[in-house]
Amino acid sequence: MNILIANWAWYPSGGDWTYIEAVSDLYIERGHNIIPFSMKDERNIPTEYSQYFIDNINYKELNKQKNLNSALNVLKKSIYSTEAINNIELLLKTEKVDLAHLNLIHHYITPAIIKVLKKHNIPIIWTLHDYTILCPQSTFISNDKICEKCRGGKFYQCSLNRCKKESILASSVAAFENYVHSGLNYYKDVDFFICPSAFSYNKYKSFGFFQEKLRQIYHTYKLKDFTPNSSANTSRYIVYVGRLEKIKGVHTLLESMRHNPEIKLKVIGDGSQETELKAFKKMHSLDNVDFLGKLPKDQVLNCIQNSDFLVCPSEWYEVLGYTIYEAMLMEKPVIGSKIGAIPETVIHGETGLLFQSGNPDDLSIMIKTLYNNADRLQMGKNARKHVESLVDKQKYLSAMQEIIPGL
């Protein structure tokens, strides 16, 4: 079987790539051939199919121009990519495709390719890594707060509330994009939508989104890449890994560290809030907090492996939480906020501890509690066992085979 996998990037770009790499390996193990469809980038993994990739789109540069022409370019590229349509037509003329597996395609490849795939009678599945279909902002966050005002297709709420970059222009473009995709009814041509967590499944279901096509299947994972650290830590610390953005809750984490000066925190990642967070550290003399910046994957995993535990203080509806998976696979318990899919992995008192999202006092207590908990190592063992049960390759394959005969 020739399986086309479409994603905005074809290089290690985050959780989406972690999943694509794992599922591609699984397809190849089953004797199938992978045909990537993505965007050109010098960081891409080499592939013989790169000639069909669309040209690179740098929205940061386009948005910097802040004029009508740049706005029109954003509209043209992000909503209906004629280039993606033409290129996938060319690909299908030379390559037989038996199944299309879509991933993050909004804003770059665009859902416009669905009509082409449908015209060629190709079965389509789509793994939903975010909430863009339901929320123009894609995160259900508006002005730093959870928001579901677009429920029922009221995408104009994105413009009214300036959800995207606090800009009425950016928000209107995002709302218009959702209206176009919804109005052209692209999604009806997708055979199945895969939700990687029970939370995301229930959220899509509660919005009435093609309920008969929704399936909840936890991501598979390359378990051999993760081994627990059996040696005792020589220097104790806890760790945060992720983007330095408001929705990730790093401000809340730093606030909580003011009450735990004896505990060292290592912060790995970068983002738009980096300067502000470092200023907060300086203002409050948080000598127990170290910013390590963005690190290569092996260094990130090494840092997690030698930590006491990981903290995931997210303040948005996390779809899955790959960092939690990785920490737990190395037998590290996790403190996570009680929001989104996090409670599906962080089982309070068993695989870690939960706290009220956005509450630094509650988080402070949980950090102190777990740091001094004699059962912390056993929690780590429970954590690995729990995640192994979620990401089991055979379980994933069996679930996929129910909707894709012959996989």
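This is a predicted model: local features need pLDDT of at least 70, side-chain atom pairs count only at pLDDT 80 or more; totals for chains, interfaces and linings use all residues.
Q: How many bridges pair strand β1 with β3?
A: Strand β1 covers residues 2-6, and its pairing with β3 is parallel. Within this pairing, I3 has L99 as its bridge partner, and L4 has A100. The number of bridges between β1 and β3 is four.

Q: Are the residues L99, A100, H101 and L102 of strand β3 buried or exposed?
A: In a regular strand the side chains alternate between the two faces of the sheet. In β3, L99 and H101 point one way, while A100 and L102 point the other way. The cut-off for buried is under 20% relative accessible area. On both faces, these residues of β3 are buried.

Q: Which residue in β4 stands opposite L102?
A: L102 belongs to strand β3, residues 99-102. Strand β4 (residues 124-127) runs parallel to β3 and is joined to it by three bridges. The residue opposite L102 is W126.

Q: Through which helix does the chain cross from β3 to β4?
A: β3 and β4 run parallel and are joined by three bridges. The chain passes from one to the other in a right-handed β-α-β crossover. The helix on this path, residues 113-119, is α5.

Q: What is the bridge partner of I125 in β7?
A: Strands β4 and β7 run parallel, with three bridges between them. F192 and I194 point one way from β7, F193 and C195 point the other way, and all are buried. The bridge partner of I125 is F192.

Q: Which residue in β8 stands opposite C195?
A: β7 and β8 pair in the parallel sense over three bridges. C195 is one of the buried residues of β7. Its opposite residue in β8 is Q216.

Q: Through which helix does the chain cross from β7 to β8?
A: The two strands are paired in the parallel sense. The β-α-β crossover between them is right-handed, and its helix covers residues 198-206. That helix is α8.

Q: What is the phi of N121?
A: Most residues other than glycine have a negative phi, and most peptide bonds are trans. N121 is not a glycine, yet its phi is positive. N121 lies in the loop between α5 and β4. Its phi is about 60°.

Q: Why does N121 count as exposed?
A: A residue is exposed if its relative accessible area is over 50%. N121 lies in the loop between α5 and β4. It counts as exposed because its relative accessibility is 68%.

Q: Is H251 buried or exposed?
A: H251 is found in helix α9, residues 250-257. Its relative accessible area is 17%, and the cut-off for buried is under 20%. H251 is therefore buried.

Q: What is the volume of the largest cavity?
A: A search of the whole structure finds two cavities of 30 Å³ or more. The largest is lined by 13 residues, and C135, S142, C147, C150 and C163 lie nearest its centre. By class, the lining has eight nonpolar, four polar and one charged residues. Its volume is about 80 Å³.

Q: How many charged residues are in the lining of the second largest cavity?
A: The second largest cavity has a volume of about 30 Å³. Its lining is made of I141, D144, K246, I247 and E315. By class, two are nonpolar and none are polar. The number of charged residues is three.

Notes. Residues are numbered from 1 along each chain as its sequence is written. Side-chain values use heavy atoms; hydrogens and water are left out. On a 1 Å grid over the protein atoms alone, a cavity is a set of points where a 1.4 Å probe fits but cannot get out, and a pocket is an open set with protein on both sides within 12 Å along at least five of seven lines; lining residues have an atom within 4 Å of a point. Grid points are joined across faces, edges and corners, and a volume is the space filled by probe spheres set on the points. Ala, Val, Leu, Ile, Met, Phe, Trp, Tyr, Cys and Pro count as nonpolar, Asp, Glu, Lys and Arg as charged, and the others, Gly among them, as polar. Buried means under 20% relative accessible area, exposed over 50%, partly exposed in between (1.4 Å probe, protein chains only). Two strands pair if DSSP finds at least two bridges between them. A crossover is right-handed if, with the strands pointing away from the viewer, the path from the first strand over the helix to the second runs clockwise.
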